[in-house]
Amino acid sequence: NIGDIVLPLAISFYTFTQIAYLVDAWRGKAKEYSFLHYCLFVTFFPHLIAGPLMHHQEIIPQFEKLRRRDELWPDFAVGLTIIVIGMFKKVVIANYLATAIVDPVFASPGQSPNLELAVAAIAYAVQIYADFSGYTDMAIGIALLMGIRFPDNFDQPYSATSIQDFWRRWHMTL
């Protein structure tokens, strides 16, 4: 039974990370890293749970240059702020839109007037953005608490002028 198959959490991010590293190693672009740093790179939980997708050249050098605890305080406040913003996007915006608008209308679309369906579709677009960008913000903030800087992953995708522009802005690290 397909429902009985258990997959590990974050399997897609883990797989993308491994493929990118192996391709770079095959091309001779992967510098010799310590086994410990490599293991930390492929298992560093903030980027595995929600992205952004990280390239080994972006993150392993940061592991090699970990800063002292007293040097992390400026990043700590910024990291906490980013986590709070991400939680607000996820818990307040995405969850509210899902429970108050999207789920009730999509549960019985034939019984909703066209205007309600249109509002629910727009609410769903905002919900999914707040969901993904909220999780990514939390991952970026958690990494920053540990002194690791992640790249941004969303750049106002709904202001894009084409499908290609939208995708570049939606998941910038992919």
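Start at Met146, which counts as partly exposed because its relative accessibility is 33%; here buried means under 20% relative accessible area, exposed means over 50%, and partly exposed lies in between, with a 1.4 Å probe and protein chains only. Before going further, please keep in mind that this is a predicted model, in which local features need pLDDT of at least 70 and side-chain atom pairs count only at pLDDT 80 or more, while totals for chains, interfaces and linings use all residues. Residues are numbered from 1 along each chain as its sequence is written, and side-chain values use heavy atoms, with hydrogens and water left out.

Where does Met146 lie? You will find Met146 in the loop between helix 6 (114-145) and helix 7 (163-170); helices (H or I, at least four residues) and strands (E, at least two) are DSSP runs numbered from the N terminus. Setting aside neighbours within four places in sequence, Met146 is in contact with Phe44, Phe45, Pro46, Leu66 and Leu72, where contact means heavy atoms within 4.5 Å.

Now step back to the whole chain. The protein has 7 helices and 0 strands, so the order of its elements from the N terminus is simply α-α-α-α-α-α-α. Of its 174 residues, 36% count as buried. The accessible surface comes to about 10900 Å², and 66% of that belongs to carbon and sulfur atoms; these areas come from the Shrake-Rupley method with a 1.4 Å probe, and for residues only the protein chains shown count as cover. Among contacts with a separation of 6 or more, 64% are accounted for by residues 24 or more positions apart.

Next, look at how helix 2 (residues 35-43) meets helix 4 (residues 56-64). Their axes are 10 Å apart and the helices pack at an angle of about 125°; axes are lines fitted to C-alpha atoms, for helices over the stretch in contact, and angles run from 0 to 180 degrees between N-to-C directions. Helix 2 and helix 4 are therefore oblique to each other, on a scale where angles under 35 degrees count as roughly parallel, over 145 as roughly antiparallel, 65 to 115 as roughly perpendicular and the rest as oblique. Helix 2 passes helix 4 in a right-handed crossing; a crossing is right-handed if the near helix is turned clockwise from the far one by less than a right angle, and left-handed if anticlockwise. From helix 2, the contact is made by His37, Tyr38, Leu40 and Phe41, and from helix 4 by His56, Ile59, Ile60, Phe63 and Glu64. These residues divide into 6 nonpolar, 2 polar and 1 charged, with Ala, Val, Leu, Ile, Met, Phe, Trp, Tyr, Cys and Pro counted as nonpolar, Asp, Glu, Lys and Arg as charged, and the others, Gly among them, as polar.

How do helix 5 and helix 6 lie to each other? Their axes come within 7 Å and cross at roughly 155°, and helix 5 and helix 6 are therefore roughly antiparallel. Helix 5 passes helix 6 in a left-handed crossing. The residues of this contact divide into 30 nonpolar, 6 polar and 6 charged.

Lys89 is found in helix 5 (residues 73-107) and is buried, because its relative accessible area is 18%. Beyond its neighbours within four places in sequence, Lys89 is in contact with Ala94, Tyr129, Ala130, Ser133, Gly134 and Asp137. Ala94, also in helix 5, is buried with a relative accessible area of 2%. Not counting residues up to four places away, Ala94 touches Lys89, Gln127, Ala130 and Asp131. The C-alpha atoms of Ala94 and Asp131 are separated by 5.5 Å, although these residues are 37 apart along the chain.

Finally, return to the loop between helix 6 and helix 7, where Asn153 lies. Asn153 is buried, at 2% relative accessibility, and its C-alpha atom is 5.9 Å from that of Thr173, 20 residues away along the chain. Gln156 lies in that loop between helix 6 and helix 7 as well, but counts as exposed at 55% relative accessibility. Phi of Gln156 is near 45°, a positive value in a residue other than glycine. Most residues other than glycine have a negative phi.
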